[in-house]
Amino acid sequence: MEYDDLYNQPQRPKYDCLLFDLDDTLYPLSTGLATSCLKNIKDYMIEEMGIEASKIPDLCNVLYKNYGTTMAGLRAIGYDFDHDEYHRFVHGRLPYDKLKPDPVLRHLLLSLPLRRLIFTNADKIHAAKALRRLGLEDCFEGIICFETLNPRETCPASDDESENEASIQNQREGIFDILEHFSQPNAGSKLPKTPIICKPSEFAIEKALKIANINPQKTIFFDDSVRNIQSGKRVGLHTVLVGTSHRVKGADYALESIHNIREALPELWDGEGKSDVQYKGKVAIETFVTA
């Protein structure tokens, strides 16, 4: 009887939340937005920071590799700038017209009987605009973004243009030369820390989970970045690498396209028709975007 009772008990769902990266995950890399974004970052470094154009390709690569984003790296090595202005420059010039409504993905997302959230390093304006262009703005409970993990009070950059210019000018002599650092044959790994919290930092992922009240052991994390996926795995998330069918270490699944989600993870629909996920009321997320 004890065994009968055990097997007759209703099984609890394995997952209760899906956490999605946005850029190059919910839409393909082939849209070209990533290329445009990188160009805008380089233009910002030249036009607003006065960095020599010849140094920028190597500098971007080193900062991205060591800090997760070029922006986080620039802050780490000593540049001070207004974060909102940076985002307006980098994302405000993107060719959003290349993003088209995706009714197939919309149907897939809305048919999932689970919590769904966005987790992006981008700012909230970009996230809202991209989701709106994709026709997915009402498919998620909320958005965990740059402002969520980096509230304004912890990012005290001046809004005064003249003060910013003077600040940057005064900084230049004290900028940590990270390219020179790595050019040394015995360069150590000790680098200045960044004040910016972002993926792939495990601390950033853990903070996002805490803000959104997410249990990592019952959550699947979708991202196009191998580093982000591997960090997510280390904090206990189930992971899906998007953009390739080649599964790497740290990825539980690999999808060529987010559209393959149902074929790869049919168990996510096990509760289909039995549970309705509705996004109403107060959400435990600092940055929440509604349709």
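Reply: Start with a cluster: ring pairs join Tyr44, Phe81, Tyr86 and Phe89. This is a predicted model. Arg93 places its charged end over the ring of Phe89, 3.6 Å from the ring centre.

Now the count. The structure holds seven aromatic pairs. Take Phe20 and Phe222. Their ring centres are 4.5 Å apart and their planes meet at 10 degrees, so this pair is stacked; planes under 30 degrees apart count as stacked. The pair ties together distant parts of the chain. Phe20 belongs to strand β1 (residues 17-20), Phe222 to strand β4 (residues 219-223), and 202 residues separate them. Buried or exposed? Phe20 has 0% relative accessibility, so Phe20 counts as buried. Phe222 also has 0% relative accessibility, so Phe222 is buried.

The largest pocket holds about 980 Å³. It is lined by 38 residues, and those closest to its centre are Cys37, Ile41, Tyr64, Gly68 and Thr69. Which helix gives the most to this lining? That is α2, with six residues. At least two lining residues come from each of α2 (33-47), α3 (56-67), α4 (70-76), α5 (83-92) and α12 (226-234). By class, the lining of the largest pocket comprises 19 nonpolar, eleven polar and eight charged residues.

Methods
Residues numbered from 1 in each chain as written. Predicted model: local features only at pLDDT ≥ 70, side-chain atom pairs only at ≥ 80, totals over all residues. Heavy atoms only, no water. Phe/Tyr/Trp six-rings, centres within 6.5 Å; stacked < 30°, edge-to-face > 60°. Helix = DSSP H or I, 4+ residues; strand = E, 2+ residues; numbered from the N terminus. Buried < 20%, exposed > 50% of the residue type's maximum accessible area, 1.4 Å probe, protein only. Lys NZ or Arg CZ within 6 Å of the ring centre and 35° of its normal. 1 Å grid on protein atoms, 1.4 Å probe; cavity = no way out; pocket = protein on both sides within 12 Å on 5 of 7 lines; lining within 4 Å. Points joined across faces, edges and corners; volume = space filled by probe spheres on them. Nonpolar A, V, L, I, M, F, W, Y, C, P; charged D, E, K, R; others polar.
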